[in-house]
Amino acid sequence: MNTSMPDTVRQNIMGRRSVRSYAPGAIDRATVNALLEAAVRAPSAMHAEPWAFVIVQDQEKLMRISDAARPLFAEALHRAHLPTPRGADADILHGAGTLILICAKPSSPFVGADCWLAAENLMLLASAMGLGSCVIGSAQEALNTPEVKAMLGIPEAYKAIAPVIVGVPEGETSASPRKPPLVLAWN
């Protein structure tokens, strides 16, 4: 069995970064469609493919999402007795011109995992295309409020599960250190 990973796949996985500074502007429709095609190629429990997508590129709506998310995220951190990060009063979407929401109807225990696998595919392709991306979990609560769902056209039966910003990185993003794999058992 060949256990070596092809260089391009390995380089893409090891080179992906959570980008938090973007050049102005949204990515084009063809690029968004390519990212969505990668997302739907993700593994899916019982081949359910529960994902549905909302693309947000309207600057006013992006700022409204950021403004709605900031206090909810701060409150969640407070409830969890966690410190507020530096820059918590800044744009939660880091100036990105495109937000891709991976949504689904919460119909099985596997829906969340399926959507996060789709997000990883999307982010890996974005990295391979020279784009930056970042999961914006701090916006998730706001994205599921009735007001924001109505603004974005998310049907009531759906939940925003994996919010990912995508765009052209502004500057370099260095790699963050990672812990080595923690193997609990090798039976």
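Tutor: Start with D91. In this predicted model, D91 touches M63, S66 and R70, leaving aside residues up to four places away in sequence. D91 sits in the loop between α3 and β2.

Student: Why is D91 called partly exposed?

Tutor: Its relative accessibility is 24%. Buried means under 20%, and exposed means over 50%. D91 falls in between, so it counts as partly exposed.

Student: What makes the D91 and S66 pair a polar contact?

Tutor: The side chains are joined at 3.1 Å. The cut-off is 3.5 Å between N or O atoms, so the pair qualifies. The C-alpha atoms of D91 and S66 are separated by 5.8 Å. Along the chain, the two residues are 25 apart.

Student: Why is S66 called buried?

Tutor: S66 has a relative accessible area of 0%. The limit for buried is under 20%, so S66 is buried. S66 lies in helix α3.

Student: What else does S66 touch, and which backbone atom lies 2.9 Å from a polar atom of its side chain?

Tutor: S66 touches A90, D91, I92 and L93, not counting residues up to four places away in sequence. The backbone nitrogen of I92 lies 2.9 Å from a polar atom of the S66 side chain.

Student: Now the charged pairs. How many salt bridges does the structure hold?

Tutor: It holds 2. Side chains of opposite charge can pair when their charged atoms come close.

Student: How do you know that D67 and R70 form a salt bridge?

Tutor: Their closest N and O atoms are 2.5 Å apart. The cut-off is 4 Å, so the pair counts. Both residues lie in helix α3, 3 residues apart, about one turn of the helix. D67 is partly exposed at 40% relative accessible area.

Student: What makes R79 and E75 a salt bridge?

Tutor: Here the closest N and O atoms are 3.8 Å apart. That is within 4 Å, so the label holds. R79 and E75 are both in helix α3, 4 residues apart, again about one turn. At 37% relative accessibility, E75 counts as partly exposed.

Student: What does L143 touch?

Tutor: Leaving out residues up to four places away in sequence, its contacts include I65, L99, L101, V148 and L152.

Student: Why can V9 belong to a surface patch?

Tutor: V9 has a relative accessible area of 39%. Patch residues need over 30%, so V9 passes. V9, I13 and M14 make a nonpolar patch of about 260 Å². V9 is in helix α1 (residues 7-15).

Student: Last, what makes the phi of H47 and of H81 worth a remark?

Tutor: Most residues other than glycine have a negative phi. H47 has a positive phi of about 55 degrees. For H81, phi is also positive, about 60 degrees. H47 is in the loop between α2 (29-39) and β1. H81 is in the loop between α3 and β2.

Student: Why are H47 and H81 called exposed?

Tutor: H47 has 62% relative accessibility, and H81 has 73%. Exposed means over 50%, so both carry the label.

Conventions
Residues are numbered from 1 along each chain as its sequence is written. This is a predicted model: local features need pLDDT of at least 70, side-chain atom pairs count only at pLDDT 80 or more; totals for chains, interfaces and linings use all residues. Side-chain values use heavy atoms; hydrogens and water are left out. Patches are made of residues with over 30% relative accessible area and no salt bridge: like charges are joined within 9 Å, nonpolar side chains (Val, Leu, Ile, Met, Phe, Trp, Tyr) within 5 Å. Accessible areas come from the Shrake-Rupley method with a 1.4 Å probe; for residues, only the protein chains shown count as cover. A salt bridge is a side-chain nitrogen of Lys or Arg within 4 Å of a carboxyl oxygen of Asp or Glu. Helices (H or I, at least four residues) and strands (E, at least two) are DSSP runs, numbered from the N terminus. Buried means under 20% relative accessible area, exposed over 50%, partly exposed in between (1.4 Å probe, protein chains only). Contact means heavy atoms within 4.5 Å. A polar contact is a pair of N or O atoms within 3.5 Å; within protein, one must be able to donate a hydrogen and the other to accept it, and residues adjacent in sequence count only if both atoms are side-chain atoms.
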